[in-house]
Amino acid sequence: MLKYNKQKLLLILAATGSLSLSGCSWFSANDGSEDIDDSYLKSRQATQLQIPADVSEIKQEDNYQIPEGAVIVNRDPKGKLLGLEPPQLLLTSGDGVREDTEAKHPTVWLRGQSGRLVEYFDGFVAAHNIQVENKDSKSLNTSWLSDDDEGLGEGLGSYNIDNQRHKFQLAMIADSGNEFGIQATHTASEQEIEGQWVEVQTSDRVAKQFLNQFIGYYDGVRDGEARARILAEGVIDTRLGTNSQGHIAMVSERDMQSIWQQTPAVLNFLNLPIVDRDQSQNTFYFKVEEASGFFASIFSDNKEAKVKLEPGNYRLQLEALSQGGTSISFTDEDGIRLSPTLVGQIYPNFKAAYRSREAQQ
């Protein structure tokens, strides 16, 4: 019994080893390329289906008949000519970028003015340290680029072959006014073989990878500009000037409605409680609290004002200026204008508050 089990174990091990070796061979060739089975070329027509003589209910439909004399004229193997790599996609998920699927070479449409294309080209070249053969207002032609180049080589993707170099062109092919088309072309490719550069076939796949690098740069620029716009819209810059009557006031280039909406947060930021407001008169009424002692400040919601004003009630009045912008004037509760010296003293605090991100609603 022991001898029988030993022989059985040897047979199992031999069969397992045979399957492992055949499995490895089936999944990949020795040179790392795909080993696609060609045995389908040796297939033969099977025996024709025979219908029993006593069966009369099965009807042969003409749709399933192979025409007489049909011959497969092309028996060359096709399997190894098919690539198993996934398609290279253009990264058009960013705002203002869309793909042109009907173009001959990889092409995207970018939202914006084509007059900025030179600016985009210059920034892209500088960001990736790209060597350029020539560039104008509508096109950019690179020198040789390889995977050894810092900043861009990895962007050529996993399809790039070692010791291979490429040239590309980015060109504006159309302009509709509010968007323009940019096309990428893989203009040249060479591979170093035994110390010699040998020309190899160009590829739209590699061109897409290069175009994706440019799209990424363009999208980054647009994101930065959008963030700057958002910050700028929330910030109100002011300077000392005069109102329409020639009296000292804070002056801003922003419209009155923007300043009206921001002023409550500014007064709150400066610890100046709003008593009332009258939008028909474009006026806020606020007060400066009496300074409280240490223990009173702990048990009270009143906070010391961040401006040098005597305790009491005041008015902040907005006025649209004829030349554009808005003036911000200060008076006491009786409507008497604050002196230029006093306005000059409180101006730095109000200026900082209008610019402060903490004071923005």
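## Helix α2 and what follows

Helix α2 is followed by Asn129, a residue whose phi is positive, near 55°; helices here are DSSP runs of H or I with at least four residues, strands are DSSP runs of E with at least two, and both are numbered from the N terminus. The model is predicted, so local features need a pLDDT of at least 70 and side-chain atom pairs count only at pLDDT 80 or more, whereas totals for chains, interfaces and linings use all residues. Residues are numbered from 1 along each chain as its sequence is written, and side-chain values use heavy atoms, with hydrogens and water left out.

The helix itself has twelve residues and reaches 17 Å from its first C-alpha to its last, close to the 16 Å expected at 1.5 Å a residue, where the expected span is 1.5 Å times one less than the number of residues. Leu117, Tyr120, Phe121, Gly123, Phe124, Val125 and His128 of α2 are buried (under 20% relative accessible area with a 1.4 Å probe, protein chains only; exposed is over 50%, and partly exposed lies in between).

## The protein as a whole

The protein holds six helices and 14 strands, and 30% of its 361 residues count as buried. Among contacts (heavy atoms within 4.5 Å) with a separation of 6 or more, 56% are accounted for by residues 24 or more positions apart.

## Aromatic pairs and charges over rings

A search of the whole structure finds nine aromatic pairs, counted when ring centres of Phe, Tyr or Trp (its six-membered ring) lie within 6.5 Å, with planes under 30 degrees apart called stacked, over 60 edge-to-face and the rest tilted. One of them joins Phe121 and Phe214 in a tilted arrangement, 5.8 Å centre to centre with 55° between the planes. This pair links distant parts of the chain, since Phe121 belongs to α2 (residues 117-128) and Phe214 to helix α3 (residues 204-234), 93 residues apart. Both Phe121 and Phe214 are buried.

The rings of Trp260 and Phe284 have centres 4.2 Å apart and planes at 35°, so this pair too is tilted. Because Trp260 lies in helix α4 (residues 256-269) and Phe284 in strand β12 (residues 283-288), the pair ties together parts that are 24 residues apart in sequence; Trp260 and Phe284 are both buried. Phe121, Phe124, Phe168, Phe210, Phe214 and Tyr217 form one aromatic cluster.

The charged end of Arg165 sits over the ring of Trp144, 4.4 Å from its centre, and that of Lys306 sits over the ring of Phe269, 4.3 Å from its centre; this requires NZ of Lys or CZ of Arg within 6 Å of the ring centre and within 35 degrees of the ring normal.

## Strands around β12

Strand β12 pairs with β11 (residues 274-278) in the antiparallel sense over four bridges, where pairing needs at least two DSSP bridges. Asp276 stands opposite Tyr285 in β12, and in the hairpin, which has four residues between the strands, Asn282 takes a positive phi near 50°. Six bridges also join β12 to the antiparallel strand β13 (residues 312-320), with Phe284 opposite Leu316 in β13.

## Strands around β10

Strand β10 (residues 248-252) is mostly covered, with four of its five residues buried. Four bridges join β10 to strand β9 (residues 239-242) in an antiparallel arrangement, in which Leu240 stands opposite Met250. The hairpin of β9 and β10 has five residues between the strands, and Gly246 in the turn has a positive phi of about 85°. Three further antiparallel bridges join β10 to strand β14 (residues 326-332), where Ser252 stands opposite Thr326.
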